[in-house]
Amino acid sequence: PFTHRMFKAAQVLQCKPRSDKECAKRILAAWWRNDGRRADSAAEMLQEVKAMKKIGWEVGTKTYSAVMHELGRRKRPKQAEQVHWTMVENGLKPTPYSFATLLHAFVIGGRSDRVPYIWSKMELAGVTPNKSCYLALLKATSLTSDQAAGTEIHQEMLDNGIEMTDDLYSALASCSSSVSTAEEILANIKPVTEAVPLTLLLVCARLRDVQYGERVFQRYVSSFGTASLYLYLARVYYNAGDYTTALHICFKRYEGAPSRGMYEFALHCHLAARTRPQKWDVLLDAALYEYPKYAPFWELGIKLYSQAGDTVSVHRLADTFASSGVRATPSLLSLIGELAV
């Protein structure tokens, strides 16, 4: 791996020990290098950390947090938690930053149900939550539409002297049980940013309120006519079960080039609507042509052909993926394994 080559060079050159902050930056930079193999599991990442310690570099909570951040970004929260407890076993005291990184890993990884448990462990360790910890807690709460819980968290933040910022207001508004309540909270964001309409559309999508979603869109489209605004409006229709209008918004009303998010959203629409291959095969080809290294497109393609009963195309796509050199996600590996059986 690239990082091991770097560590070998450091030993030869006898370079000075690096600080914890520098280690965190270097380990992330090394994993993101295009010419190096990316570590793909907690075990591999911890091997890189071990190599850093071996050559005398200062490895602390920032380095372990960098590992947890990367695992969270790859939607592997359980592995991030494993790294956290490894850090504790190695005698390092958790910090608000390390707990915030772990909390966000579970939110991003779709395991918000685990957030209260991690929060209790943080309190048990005597760690005072920071702004980022509360942001993760609010994001987890927003998925349950628990406005009372959001209000309680907001009051606790104020009692602990946490300054409310735009991202906290957006997360708090996402917990609202009505769009009007969300608007009242978002009125605190000045000047108005794109986060305001996106948060409102997120609430509309959760409530399946198409009419309010259209009003929000029309109010802000002249100021924030980005691909994200159109995509969030399309999600309102998707949640309401109107897949045709959702697709129309992405590829007709939006006049720019489709983003990766739009391609992925459109394929999900076709999967949910169980449409015929003639409706989406060109779209799938375009998505794979534009983003051949994006594994979720291959997974969606296999699912679509499988749903359509086209076993020949399913195996053709799986074989093409196998020879593409693209790193598979756990869900894609599981899907291909099922096909092999």
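Analyst: This is a predicted model, in which local features need pLDDT of at least 70, side-chain atom pairs count only at pLDDT 80 or more, and totals for chains, interfaces and linings use all residues. Residues are numbered from 1 along each chain as its sequence is written, and side-chain values use heavy atoms, with hydrogens and water left out.

The negative patch consists of Glu 123, Asp 146, Glu 152, Glu 156 and Asp 159. Asp and Glu count as negative, with the charge placed at CG of Asp or CD of Glu. Areas come from the Shrake-Rupley method with a 1.4 Å probe. Helix α9 (residues 147-159) supplies the largest share of the patch, 3 residues; helices are DSSP runs of H or I, at least four residues, numbered from the N terminus. Glu 156 belongs to helix α9 and is partly exposed at 30% relative accessible area, where buried means under 20%, exposed over 50% and partly exposed in between.

Turning to the backbone, a cis peptide bond with omega of about -5 degrees links Lys 190 to Pro 191, and Pro 191 sits in the loop between α11 (179-186) and α12 (195-207). Arg 208, not a glycine, has a positive phi of about 55 degrees. Arg 208 lies in the loop between α12 and α13 (210-220) and is exposed, with a relative accessible area of 56%.

Notes: Patches are made of residues with over 30% relative accessible area and no salt bridge: like charges are joined within 9 Å, nonpolar side chains (Val, Leu, Ile, Met, Phe, Trp, Tyr) within 5 Å. A salt bridge is a side-chain nitrogen of Lys or Arg within 4 Å of a carboxyl oxygen of Asp or Glu. Helices (H or I, at least four residues) and strands (E, at least two) are DSSP runs, numbered from the N terminus. Buried means under 20% relative accessible area, exposed over 50%, partly exposed in between (1.4 Å probe, protein chains only).
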